[in-house]
Amino acid sequence: MVASDQFTVDLKEARLAEAVQLEAMLNFSDARALRLENLQLALQDKWAGSSYARSLFQLTIQPGVKPRLWIDLVSSVVMEPDPRCYRLVKDEQAGTTTVFETTNMPEMATYLSRYLAHRLVEREKAGTVLSSPAPIIAQPYNIRDMFYVWIAGCVFGAMALFSIAMYLGKLQF
């Protein structure tokens, strides 16, 4: 057998091994995705009566080798370190923080329900602080103040004309 033929055989074997590993990883991620879908359904059942909660929280599954159930913009559930363990993580500026971890799906659903209730209260609190600015009371214009503004405008305009005339040499003192 020629060396190039041996290399072709080795390359085929490496590609087959990679394909087998990829298929195993996909099966592994499918199991993770199915567990996350079960958690998603459990949370949707808990929130069935609250249209407000359903509108605020995403509950979308991001597919991939490591699927993720997004709760809101910063919180998600991943199946780490093994495909039986639910891990609630929160993305922060300093990095990712593990908030809660369990192998029991109903326990995770209960914790997420409480966690999201607290997040909702935080959002409402932040919304009331930001959405209530001090009221602006419109006051009518005063004729005397408008007259002073008009006089000041005329005086500054005349001074500007005199300054330009002196600069151009049209007016000399």
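1. Buried, as used throughout this note, means under 20% relative accessible area, exposed means over 50%, and partly exposed lies in between, with a 1.4 Å probe and protein chains only. By that scale F100 is buried, with a relative accessible area of 19%, whereas Y111 at 26% counts as partly exposed.

2. The model is predicted, so that local features need pLDDT of at least 70 and side-chain atom pairs count only at pLDDT 80 or more, while totals for chains, interfaces and linings use all residues. Residues are numbered from 1 along each chain as its sequence is written, and side-chain values use heavy atoms, with hydrogens and water left out.

3. On confidence, pLDDT being the predictor's confidence in each residue from 0 to 100, the chain averages 78, and 78% of the residues score at least 70.

4. The chain holds four helices and five strands, where helices (H or I, at least four residues) and strands (E, at least two) are DSSP runs numbered from the N terminus. Read from the N terminus on, the order of the elements is α-α-β-β-β-β-β-α-α. Of the 173 residues, 21% count as buried, and the accessible surface, from the Shrake-Rupley method with a 1.4 Å probe and only the protein chains shown counting as cover for residues, comes to about 12900 Å², of which 62% belongs to carbon and sulfur atoms.

5. Strand 3 (residues 75–79) is mostly covered, since five of its five residues are buried. In a regular strand the side chains alternate between the two faces of the sheet. Here S75, V77 and M79 point one way and S76 and V78 the other way, and all are buried.

6. Which strands pair with strand 3, if pairing requires that DSSP finds at least two bridges between two strands? Strand 2 (residues 68–70) pairs with strand 3 in the antiparallel sense over three bridges; W70 has S76 as its bridge partner, and the two strands form a hairpin with four residues between them. Strand 4 (residues 86–92) also runs antiparallel to strand 3, joined by five bridges; V77 stands opposite L88, and this hairpin has six residues between its strands.

7. The structure holds four aromatic pairs, where rings of Phe, Tyr and Trp (its six-membered ring) pair if their centres lie within 6.5 Å, and planes under 30 degrees apart count as stacked, over 60 as edge-to-face and the rest as tilted. One of them is the stacked pair of F100 and Y111, at 4.1 Å centre to centre and 10° between the planes. This pair links F100 in strand 5 (residues 95–102) to Y111 in helix 3 (residues 105–130), eleven residues apart. Another is the tilted pair of F147 and Y148, with 6.4 Å between centres and 50° between the planes; F147 is partly exposed at 47%, as is Y148 at 49%.

8. S113, in helix 3, is partly exposed at 24% relative accessibility. Leaving aside neighbours within four places in sequence, S113 is in contact (heavy atoms within 4.5 Å) with L43, K46 and W47. From S113 to W47 the separation is 66 residues in sequence and 8.4 Å in space, C-alpha to C-alpha.

9. A search of the whole structure finds zero disulfides, a disulfide being a pair of cysteine sulfur atoms within 2.5 Å. C85 is buried at 7%, whereas C154 is partly exposed at 38%.

Methods. Two strands pair if DSSP finds at least two bridges between them.
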